[in-house]
Each structure stands twice: as structure tokens, then as C-alpha cells.
Amino acid sequence: MVVAEVPELTSAAGYFFKAGAEGKRTCPTVLLLMASAMEMTDDLENRPRARQMRVAEITEMIHISSLIHDDVLDDADTRRGMDSLNFTVGKKLAVLAGDFLLSRAFSAAASLDNTEVVSLLATAVNNLVTGELMQMSITPAQRCSMDYYLQKTYYKTAALISNSCKAIAVLAGQTTEVQALAYQYGRHLGIAYQLIDDILDFTGTTASLGKASLSDIHQGIVTAPMLFAMEEFPELHEIVEQGFDDPANVEMALKYLSKSQGIEKTRLLAAEHAKLAADAIDGLPESEDQVILNSRQALKDLTQKFMRRTK
Ligand code: FPP
Ligand code: MG
Ligand code: MG
């Protein structure tokens, strides 16, 4: 799906799909498990399973195109423990490779012949862009708001997986109730994932993460641990509002964070979302099918695995 007319573009677009560069493949894993966690009520003539697999592929393509563009926006040199695409081929080709991947993803989506699914995927991309912009053009007051942070987090990290989970249920021919549960699973899993990511940005190392640590604060991005620390230490407000261009501010903020319960509280919030994700799976209609039950258990196990992840 990522072969282009121009070899340069094919090679740039395929960069993160090569063996060893494919990352954790979390999105497709979740989506394929979601597919086998529910009854298929659509006409089998429509090959619903093949179409669900296509959604998993499309989602990974959208995800990778967003990472490629993100690394351009962030001027990042590394991704997945390797040189970022912009570092390797330059910004211009990286932007085009991201655009190309996105167009290929939507060609594949169009071939599913289901406008609702295309619309869900378009919403996801729209939300990704909105989330990225909310982060970029933030006011000092918004920077100190947990509500703003959580909305941005939903858009940036959870909207793709939640809308794609719903698309899986749509293609299964499932009821709107099941579609909503699939969506809720993706939503809460995505938010839990990002909260852990925010913690790892403070506690991880470049070697363990495959990307620079403390990158959020150095980019002036305030995440959940710091927002919780601000509740404990109101003095931190002023520092956060001033921003982190001054390294002395970064140092002070980190000192307050280490004195606070910020990391622990973030972990608890992530655990709440992980639990809500598992509850969505428990809300699915009863089934006796062993494959369905195993898949549901795996989706629930994944919520716990996310809580323990270190990269
Ligand atoms: C990672 O953020 C970035 C995202 C999850 C989404 C980025 C979205 C866009 C660039 C909008 C355009 C979207 C498409 C589909 C082309 P991060 O910088 O916080 O995380 P990182 O540590 O992984 O870099
Ligand atoms: Mg980034
Ligand atoms: Mg970014």
C-alpha cells in the first residue's frame, strides 16, 4: 500500500514499516483483538474480517504519518530508537512522505465501501490535528488547566484508537451499544497510555524510551504530573505560566515535581482510565465462544500491561 511512483517516496514512506522499525504495533494489536472480541453479525459475503484487518492497517498508517509529521514539528532527531525520518531524509521529504501515507490510508478506507468508517477515520485525523494545535497555540491559563490537558490528550492520543475501535464494531455489523463500548475502550485505553507516557517522559531515559527524555518540559509542554504538582504547590503556577525557555525554570519545576505526589497521582488517574477501559469490555454482550472470551481477556490484560510499560 505504500509503494509510490517515485522510489524516493516509496523508501521514505516505508521507513517505519521495515523489520526492526515497526515499533510496538499497539494500534493494530488492539484492533485485531477487538475484531475477535465480538460476534460478527454482518453478512459474511461482505468479508467483514478482511475489512476489519484493513482498518487495523489503515490505522497504523495514519498513526505513522502523524508521527512523521510530529517529528518535523518537534524537530526530533530520534524515533523508535532510530534516526527520525526528517533527520534521515530532511524535513521536506518527510512532510511529503507523511502526506503520501495519509492519502494511501484514505484510498484503502474508500475501498471498504462504508462511508461511516471513512467518516470515523476522518474524525480521528481531524482530532489529531486539533490536538496538536491545542498543544502548539496554548495560552498561559490553558497551560495550567487539567481539563484542557485532558481534552488535548484525548484528541492527540486517544481519538485515533477510539474511532478505529468503533469502526471495527461497525464493520462487524454490531449494535450502536457495542459500537459505543468499543469506542469507550479505545478512549480510556488511549488516555491511560498517554498518562503513562507523560510519567515516562520524567522517569525514563533516552536509552529506555528510544527518544529523548524530559522532552515535554523542554518543549514547554505541561503534562499531568506537573499539573498535579501545581495543585500541591501553588508557587509552581508562576513558574509554569512563565514557560520553560529559561533553564532555571525547568530546574525549579522539576524540583517541585520531585517533592510532590504528581507522578503517583498521574499513575492513579491512569489506573482509573485503565479500569474504565476494562469495564467497557465487561459490558459487551455475553458470549460462550472461547475465541471471543480469550480476546476480551487479552484486551483487559492489555490495560494492565500498559500500566506497567517502561517504553
Ligand atoms: C506525538 O506527540 C504526536 C501525535 C500523537 C499526533 C501528531 C499529529 C499531527 C502531527 C497532526 C497531523 C496528523 C496526521 C495524520 C498527518 P508527542 O510529540 O507528544 O510525542 P512523541 O514523544 O512521540 O514525539
Ligand atoms: Mg514529538
Ligand atoms: Mg509533538
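## Burial and how the model is read

A residue is called buried if 20 or more other C-beta atoms lie within 10 Å of its own, exposed if 12 or fewer do, and partly exposed in between, with C-beta atoms placed from the backbone. This is a predicted model: local features need pLDDT of at least 70 and side-chain atom pairs count only at pLDDT 80 or more, while totals for chains, interfaces and linings use all residues. Residues are numbered from 1 along each chain as its sequence is written, with chains lettered from A and ligands numbered from 1 in the order in which they are written.

Helices are DSSP runs (H or I, at least four residues), numbered from the N terminus.

## Two loops with positive phi

Let us start with arginine 47, in the loop between helix 2 (26–36) and helix 3. Although this residue is not a glycine, its phi is positive, at about 50°. Arginine 47 is partly exposed, since 13 other C-beta atoms lie within 10 Å. The loop between helix 2 and helix 3 also holds leucine 44, which counts as exposed because it has 9 C-beta neighbours inside 10 Å.

Aspartate 113 sits in the loop between helix 5 and helix 6. Its phi is near 55°, again a positive value in a residue other than glycine. With 10 other C-beta atoms within 10 Å, aspartate 113 is exposed.

A residue is near a molecule if its C-beta atom, placed from the backbone, lies within 6 Å of it. Around ligand 1 there are 18 residues, and the nearest are Ser66, His69, Asp70, Leu128 and Glu132. Two or more residues of the shell come from each of helix 3 (48–74), helix 5 (91–110), helix 6 (115–136) and helix 8 (146–171). Helix 3 contributes the most, with seven residues.

For the make-up of the shell, Ala, Val, Leu, Ile, Met, Phe, Trp, Tyr, Cys and Pro count as nonpolar, Asp, Glu, Lys and Arg as charged, and the others, Gly among them, as polar.

## Residues of helix 6

From glutamate 116 to leucine 171 the C-alpha to C-alpha distance is 9.5 Å, across 55 residues in sequence.

Threonine 130 belongs to helix 6 as well. It is partly exposed, with 16 other C-beta atoms within 10 Å. The C-alpha atoms of threonine 130 and histidine 273 are 22 Å apart, and the two residues are 143 apart in sequence.

A nonpolar core is a set of buried Ala, Val, Leu, Ile, Met, Phe, Trp, Tyr and Cys residues joined through C-beta atoms within 7 Å. The largest one here has 80 residues, and Met34, Ile168 and Ala192 have the most contacts inside it. Helix 8 supplies the largest share of this core, 12 residues. Leaving out residues up to four places away in sequence, isoleucine 168 touches Leu31, Met34, Ala35, Gln52, Val55 and Ala182, where contact requires C-beta atoms, placed from the backbone, to lie within 7 Å.

Glutamine 179, in helix 9 (residues 176–203), is buried because 20 other C-beta atoms lie within 10 Å. Beyond its neighbours within four places in sequence, glutamine 179 contacts Lys166, Ala169, Val170 and Gln174. Its C-alpha atom is separated by 9.6 Å from that of asparagine 163, 16 residues apart along the chain.

## Two helix pairs

Axes are lines fitted to C-alpha atoms, for helices over the stretch in contact, and angles run from 0 to 180 degrees between N-to-C directions. Angles under 35 degrees count as roughly parallel, over 145 as roughly antiparallel, 65 to 115 as roughly perpendicular and the rest as oblique.

Helix 12 (residues 224–232) and helix 14 (residues 247–259) have axes that come within 9 Å and cross at roughly 75°, and the two helices are therefore roughly perpendicular. Pro225, Met226 and Ala229 of helix 12 make the contact with Ala253, Tyr256 and Leu257 of helix 14. This contact has six nonpolar, no polar and no charged residues.

The axes of helix 15 (residues 262–282) and helix 16 (residues 290–308) also come within 9 Å, crossing at roughly 175°. This makes the pair roughly antiparallel. On the helix 15 side are Ala270, Ala271, Ala274, Ala277, Ala278 and Ile281, which meet Arg296, Leu299, Lys300, Thr303, Gln304, Phe306 and Met307 of helix 16. By class, the contact of helix 15 with helix 16 has nine nonpolar, two polar and two charged residues.

Notes
Contact = placed C-beta atoms within 7 Å.
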